[in-house]
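Subject: Handing over the two-chain model

Hi,

Here is the structure I promised to pass on. Have a look at it first, and then read on for my notes.

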Protein chains: 2
Amino acid sequence: MIAHVYITPKEGILDPQGETVGQALRNLGIDKVAAVRVGKYIEIDLPGMARAGAEKVTREACERLLVNPNIESYTFEVVKGD
Amino acid sequence: MIAHVYITPKEGILDPQGETVGQALRNLGIDKVAAVRVGKYIEIDLPGMARAGAEKVTREACERLLVNPNIESYTFEVVKGD
């Protein structure tokens, strides 16, 4: 299985990278942009695992390493790999 | 509309951040992890736009600013916002 993990700054947490990207887009004339949030997208290859096990491992990876729960929230999905 | 953009290192491009995260997970005992790729997840808020326009703006943002086509590939989806 392959886990796709999406990590974003929590609502209300300042996201300077997103602010910068939004301003840069507007400076380029892409002016329909109201707001940008920049987060992380992580793919974890978990070969030979069933769905339930892969979800458990992914949750553990997020909680023990990948995500700072003070300022980030995450979601993930587990999909069949090659 | 809200665009969700996923940017990943291209196949065959070394991803040192992904290697490091994979090793760190295995060091924590999360040893089912075969490989990790670390990319970016970007949300772009495009209020008051129809789907076709939002897709065009998102593609332009990727090609003119967000993505380095030498080493990164991207996909995106546009969804209805609040």
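Predicted model: local features only at pLDDT ≥ 70, side-chain atom pairs only at ≥ 80, totals over all residues.

**Salt bridges**

B:Lys40 belongs to strand S2 (residues 35-45) of chain B and B:Glu72 to strand S3 (residues 72-79) of chain B, so the bridge ties together parts that are 32 residues apart in sequence. B:Lys40 is partly exposed at 30% relative accessible area, whereas B:Glu72 is buried at 16%.

Another salt bridge in chain B joins the side chains of B:Arg64 and B:Glu60, at 2.9 Å from N to O. Both residues lie in helix H2 (residues 51-66) of chain B, four residues apart, which is about one turn of the helix. B:Arg64 is partly exposed with a relative accessible area of 43%, and B:Glu60 is also partly exposed, at 29%. Over all chains the count comes to four salt bridges.

**Where the chains meet**

How many salt bridges cross the interface of chain A and chain B? The rule finds zero there. What it does find across that interface is 10 residue pairs in polar contact, both residues at pLDDT 80 or more. On the side of chain A that touches chain B, the elements giving two or more residues are S1, helix H1 (16-27), S2 and helix H2 (51-66) of chain A. S2(A) gives the largest share of that side, with 11 residues. By type, the residues on that side of chain A split into 22 nonpolar, two polar and seven charged.

As for extent, 31 residues of chain A are in contact with 31 residues of chain B. About 2600 Å² is buried between the two chains, and carbon and sulfur atoms give 73% of that area. A:Ile30, A:Lys32 and A:Tyr41 supply 19% of the area that chain A buries against chain B, more than any other three residues.

**Aromatic rings**

The structure holds seven aromatic pairs over all chains. One of them is A:Tyr6 with A:Tyr41, a stacked pair with 5.5 Å centre to centre and 20° between the planes. It also links distant parts of the chain, as A:Tyr6 is in strand S1 (residues 2-9) of chain A and A:Tyr41 in strand S2 (residues 35-45) of chain A, 35 residues apart. Both count as buried: A:Tyr6 has 13% relative accessibility, and A:Tyr41 has 6%.

In chain B, the rings of B:Tyr74 and B:Phe76 have their centres 6.4 Å apart and their planes at 10°, so that pair is stacked too. B:Tyr74 is partly exposed, with a relative accessible area of 24%.

Which residues do ring pairs link into a cluster? The cluster is made up of A:Tyr6, A:Tyr41, B:Tyr6 and B:Tyr41.

**Two more residues to look at**

A:Thr58 is in helix H2 of chain A and is buried, at 1% relative accessibility. A polar atom of its side chain lies 2.7 Å from the backbone oxygen of A:Ala54. Leaving aside neighbours within four places in sequence, A:Thr58 is in contact with A:Ala3, A:Val5, A:Leu46, A:Phe76 and A:Val78.

The other one is B:His4, in strand S1 (residues 2-9) of chain B. B:His4 has a relative accessible area of 16%, under the 20% limit, so it counts as buried. Apart from neighbours within four places in sequence, the contacts of B:His4 include B:Tyr41, B:Ile42 and B:Glu43. B:Thr75, B:Phe76, B:Glu77 and B:Val79 are in contact with B:His4 as well.

Over to you, and cheers!

Conventions:
Residues numbered from 1 in each chain as written. Chains lettered and ligands numbered in written order. Heavy atoms only, no water. Buried < 20%, exposed > 50% of the residue type's maximum accessible area, 1.4 Å probe, protein only. Contact = heavy atoms within 4.5 Å. Phe/Tyr/Trp six-rings, centres within 6.5 Å; stacked < 30°, edge-to-face > 60°. Buried area = accessible area lost by both parts, 1.4 Å probe. Polar contact = N/O pair within 3.5 Å; in protein donor to acceptor, adjacent residues only side chain to side chain. Nonpolar A, V, L, I, M, F, W, Y, C, P; charged D, E, K, R; others polar.
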